Amino acid sequence: MSEERLIGIVDDDASLRRSLGNLLGSTGFNVETFASAEAFLAADRAETMDALVLDVRMPGMSGVELLVELARRSSRLPVVVLTAHGDEDVRKQCFRAGALAFLTKPFQAKDLLDAIEQATRGD
């Protein structure tokens with residue numbers, strides 16, 4: 001199903017990064033995790049990834065700020081946003097900045113997998 005696609009995870013919560021990595025890895029995705037938006041940008045991996053799972057609220061650069069920066073760099077990386085702070089303004093900001101999907105925590109694993117499948121297919 002995943003065809004060796006590489007998914008990046010950017011979240012400051014180590015246990016969530018681990019859980020998401022295990023979930024995605026168990027379905028055949030390759031996963032690379034980052035503890036911050038800054039770490040993701042420093043790794044310069046956006047062009048090698050098939051999709052990114054991104055938290056909104058993190059210390060330092062927020063998920064929305066990372067989305068804006070990726071757009072500024074003309075990145076075509078599909079982004080699925082996960083957040084515990086899913087108010088309508090944040091959702092709108094994320095979509096305006098280029099997110100393809102917006103899921104609130106707690107989320108269903110199937111919803112995340114469906115969003116990643118859609119993002120990596122380019123639907």
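User: What covers the buried residues of H3?
Analyst: The cover includes H2, E3, E4 and H4. Contact means heavy atoms within 4.5 Å, and buried means under 20% relative accessible area, with exposed over 50% and partly exposed in between (1.4 Å probe, protein chains only). Helices (H or I, at least four residues) and strands (E, at least two) are DSSP runs, numbered from the N terminus.

User: What sort of model is this, and how are residues numbered?
Analyst: It is a predicted model, in which local features need pLDDT of at least 70 and side-chain atom pairs count only at pLDDT 80 or more, while totals for chains, interfaces and linings use all residues. Residues are numbered from 1 along each chain as its sequence is written, and side-chain values use heavy atoms, with hydrogens and water left out.

User: Back to H3. Which of its residues are buried?
Analyst: They are Gly-63, Val-64, Leu-66, Leu-67, Glu-69 and Leu-70.

User: How many residues are in the largest nonpolar core, and which have the most contacts inside it?
Analyst: That core has 24 residues, and those with the most contacts inside it are Phe-40, Leu-52, Leu-66, Leu-67, Leu-70, Val-81 and Cys-94. Two or more residues each come from E1 (6-10), H2 (37-43), E3 (51-55), H3 (63-72), E4 (79-83) and H4 (88-96). H3 gives the largest share, 4 residues. A nonpolar core is a set of buried Ala, Val, Leu, Ile, Met, Phe, Trp, Tyr and Cys residues joined through side-chain atoms within 4.5 Å.

User: And Leu-70, what is it in contact with beyond its sequence neighbours?
Analyst: With neighbours within four places in sequence set aside, Leu-70 is in contact with Phe-40, Leu-41, Ala-46, Leu-52, Ser-75 and Val-79. There is also a second, separate core of 17 residues, which includes Ile-9, Phe-29, Ala-51 and Leu-103.

User: Changing topic: which residues have a positive phi although they are not glycine?
Analyst: Asp-44 has a positive phi of about 50 degrees and lies in the loop between H2 and E3. Ser-74 has a positive phi of about 60 degrees and lies in the loop between H3 and E4. Asp-44 is exposed, with a relative accessible area of 61%, and Ser-74 is exposed, with a relative accessible area of 61%.

User: Where is the cis peptide bond involving Pro-106?
Analyst: It runs from Lys-105 to Pro-106, with omega near -5 degrees. Pro-106 lies in the loop between E5 (101-104) and H5 (109-121).

User: How many salt bridges does a search of the whole structure find?
Analyst: The search finds 8, a salt bridge being a side-chain nitrogen of Lys or Arg within 4 Å of a carboxyl oxygen of Asp or Glu. Asp-11, Asp-55 and Lys-105 are linked in a network of them.

User: What are the N to O distances from Lys-105 there?
Analyst: Lys-105 meets Asp-11 at 3.3 Å, and its closest N and O atoms with Asp-55 are 3.4 Å apart. The latter pair links distant parts of the chain, 50 residues apart, with Asp-55 in E3.

User: Which residue pairs with Lys-110?
Analyst: Asp-114 does, with the closest N and O atoms 2.6 Å apart. Lys-110 is exposed at 56%, while Asp-114 counts as partly exposed at 38%.
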